[in-house]
Amino acid sequence: MVVRRTLALADARRVFRLSVALTAGLLVAAGCGGDGEGGEAEPEQEVESQEGSGEKEDIELEFWTFVDNHADFLNAQAEQFNEENDQYNITLNATTIEFAEMHDKLLVALQSGTGAPDLVDIEIGRFATFTRGEIPLHPLDDVVDPYRDELVQERLAPYEVGGVPYGIDYHLGAYVMYYNKDIMDEAGVDVDAIETWDDYIEAGKQVVANTDAVMATVETAGPFSIRGPMLQNDGGIYDENNELIMDNSENVEAVEMVASMVHEHGIATVAPGGDHHQPAFFESFNNGESASLWMPQWYMTRFRDQMPDTEGKILVRPLPAFEPGGTVSTMGGGTGTAITNQIDESKLEAVKEFLGYAKLTYDAQVRLWTELGFDPFRNDVYEDPALSEADPWFNNETVMANLQPMFDRLAPEYTGPRYPEASTALIEIVAYEVLEEGADAQETLTRATEQVRSLD
Amino acid sequence: METITMGNTATKDRVRTPFFHHPYVVAAVFLLPFLIVFGVFRIWAVANAVVMSFQEMEGIGVARWTGFDNYVRLLSDATFITALKNTAFYTAGTLLILIPLPLVLAAVLRSSLVARASAFRSTIFLPVLTSLVVVGVVFSLLLATNGLLNSFLGLFGVPPLRWLEARNLAVPAMIIMAVWRWTGINVIYFTTGLANIPRDMYESAAVDGAGAIRKFWNISVPLSKPIILFVTVLTIFGGMQLFVEPFILWGTGGGPGQGGLSVVVYLYRTAFTSFQLGYASAIGVVLALIIVTLSLVVLKVFGFFKRD
């Protein structure tokens, strides 16, 4: 008995010690694994939901974005969709991840073939990263086609490869000129008489002569001040044939025109802080230190949110044209919502139906304005009462309805395989060196383009 | 019964030591998780990066051997040269400030000149613990053209400097931030080093008429050599691996006119924007070689390889 009990005790002790050692080992392993060595944690696994009405098919979708507002918008659209659709019940698991981190995680997930969400927002500047070689996104022809006739076609171009759309944007992003009416009145300038960039420069001289403000500010740490005029002048980074054209003569002319405002005519300065999203710039524009700036339509929200003293003073107008009758706008910025190829095939039909509903229907496009403050890219919604309201912040004008006549004078933007790198070079080499340091536009554009070409 | 009595003897006990009680086995069990993680995420990853640097990656797992092409391309890559210059400038700047300043501060805090030295040490150490997001926000305000630093410099008649907007001030801006962040930890290192110097050496020097500066220069500095060496090598590591600072100051990581672009930021862009993993690996390998070379030079200069 004694022998057996002693052996049993010894065994129990041995088992106990072994378990302690293994548990400790596992804990250490878990600790080591959890310190971020292996990259970020995987997004939560999808759990098949059994909720919802009996007849409708429950579809749970993983959605990544880097903008909270986009998540809120699509969640609201999903609720609306579920009310109206009798076939599917969509549950959108939206996750907002920081801009760079989200795109990096997505790239790794798509390249490695696992871990990607079903639906994802890809920023226009990063979109081409995902469309090189074999495209890990689903073509969206059948999503877009039913709505195509109503859409501003130019907005599809940045997300198309070989004419096939892979992403759907949240806005048109039409470039406009924002004028501070008080300063323009003080300078004796009628903004509606400004038709060309030459007129704009002459008006700028009047502003500088008669007020304490400069006519404009330009970005040296952002792309908008030069990319808009480049596109407007039939230039841009890529053409419709996917050719890199960043150093063509139209682009040189556009960049030289912007540079002349700073270095030759003295009517523009570098935006305080380097771009039009810096607190220093908001403060200066709010204080009336500059009279105008050209940015896309979505910048309207910045006046309300960041520049409270501009209330009632801002006039929204088309861009001046390079030649009388030329294009008076183009597009800036954007985010394409895409469906990844890692989505379960059984969900594909539902997600396509949802995406079309959430982004391209008449009501969805109206809500892009009412919920997000963005300019829709469906022509017919501009007559909707919601877009025809006078806006007290913007001199009581019907700003959105006024935009539509520009749409047939809108320069398109095309992207291509090295669009992300070219965008960066455009900011860091061209905008900075030309606008800040007075470097030669032709030389810097050529150098930047060569650098981008040398990648392949 | 006999077994029990025999089992109590030391000899038998050793013979019957269970497998998992053996010290080597226990050590292995406890070390294994670390070794596995280290092996997979460090050794295997680094070895793989070296292999990849001789390849052109076409997606994950699809590679084409290109020999030394990636390295040859590096030699004529203007962006890499810019990034290398910025990184070298930053490393030199941090070395010039983050070694002498904390050493002097540590000596002052150890002297009788300062009451409540530990409170000062804690204060100086606080930035090390501050979240990077907070650091980014604070320094964006501090270094803004109409920010606090320029207001302070204005008191001495210095015109406002565009710290975050001008290419030639990008690296100095990052050095200012590095000094704020890392002075505290270096003070702790140097304090530890100074604490190991026997008090009686200072007392003897005082008897011989040496003043505070002479004692610092002739006793504290030479006897802190091992710590200075340690901090120098750490500062070189930190400087050459510059990555977070440009991102939190400028968002894009490049800074004005690529003035803040570091080698690691360029590596990151090459890997994640251009998805050229082979070329990015070559950048990493070259950076590692530069760091190793610099460290060896420093060790040599400090006489680390000399036999005592």
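Trainee: Which residues of the largest nonpolar core touch the most other members?
Mentor: Some ground rules come before that. This is a predicted model, in which local features need pLDDT of at least 70 and side-chain atom pairs count only at pLDDT 80 or more, while totals for chains, interfaces and linings use all residues. Residues are numbered from 1 along each chain as its sequence is written, and chains are lettered from A and ligands numbered from 1 in the order in which they are written. A nonpolar core is a set of buried Ala, Val, Leu, Ile, Met, Phe, Trp, Tyr and Cys residues joined through C-beta atoms within 7 Å. Buried means that 20 or more other C-beta atoms lie within 10 Å of a residue's own; exposed means 12 or fewer, and partly exposed is in between, with C-beta atoms placed from the backbone. Here the largest core has 174 residues, and those touching the most other members are A:Val255, A:Val258, A:Leu426, A:Val430, A:Leu435, B:Met174 and B:Ile283. The element giving the most to this core is α15(A), with 11 residues. Apart from it lies another core, of 12 residues, including B:Ala106 and B:Ile228.

Trainee: What does A:Val430 touch, leaving out residues up to four places away in sequence?
Mentor: Contact means that two C-beta atoms, placed from the backbone, lie within 7 Å. On that basis A:Val430 touches A:Ile226, A:Val255, A:Thr444, A:Leu445 and A:Ala448.

Trainee: A:Ile226 sits in α8(A). How many residues of that helix are buried?
Mentor: Helices (H or I, at least four residues) and strands (E, at least two) are DSSP runs, numbered from the N terminus. Helix α8 of chain A spans residues 224–232, and nine of its nine residues are buried. Its cover includes β6 (175–180), β7 (214–218), α9 (249–263), β9 (290–296) and α15 (419–436) of chain A. Just after the helix, A:Asp234 takes a positive phi of about 65°.

Trainee: How do α8(A) and α15(A) pack?
Mentor: Two packed helices are described by the angle between their axes and the distance between the axes. Axes are lines fitted to C-alpha atoms, for helices over the stretch in contact, and angles run from 0 to 180 degrees between N-to-C directions. For α8(A) and α15(A) the angle is about 95° and the axes are 10 Å apart. The two helices are therefore roughly perpendicular (65 to 115 degrees; under 35 is roughly parallel, over 145 roughly antiparallel and the rest oblique). A:Ser225, A:Ile226 and A:Arg227 in α8(A) meet A:Leu426, A:Val430 and A:Ala431 in α15(A). By class, that contact has four nonpolar, one polar and one charged residues (Ala, Val, Leu, Ile, Met, Phe, Trp, Tyr, Cys and Pro are nonpolar, Asp, Glu, Lys and Arg charged, the others, Gly among them, polar).

Trainee: What are the domains of chain A?
Mentor: Domain bounds come from an automatic or database assignment. For chain A it gives domain 1 (57–170 + 334–387) and domain 2 (175–330 + 418–453). Their C-alpha centres are 30 Å apart, and the contact takes seven residues from domain 1 and eight from domain 2.

Trainee: Is B:Ala88 buried or partly exposed?
Mentor: B:Ala88, in helix α5 (residues 78–98) of chain B, is partly exposed because 17 other C-beta atoms lie within 10 Å.
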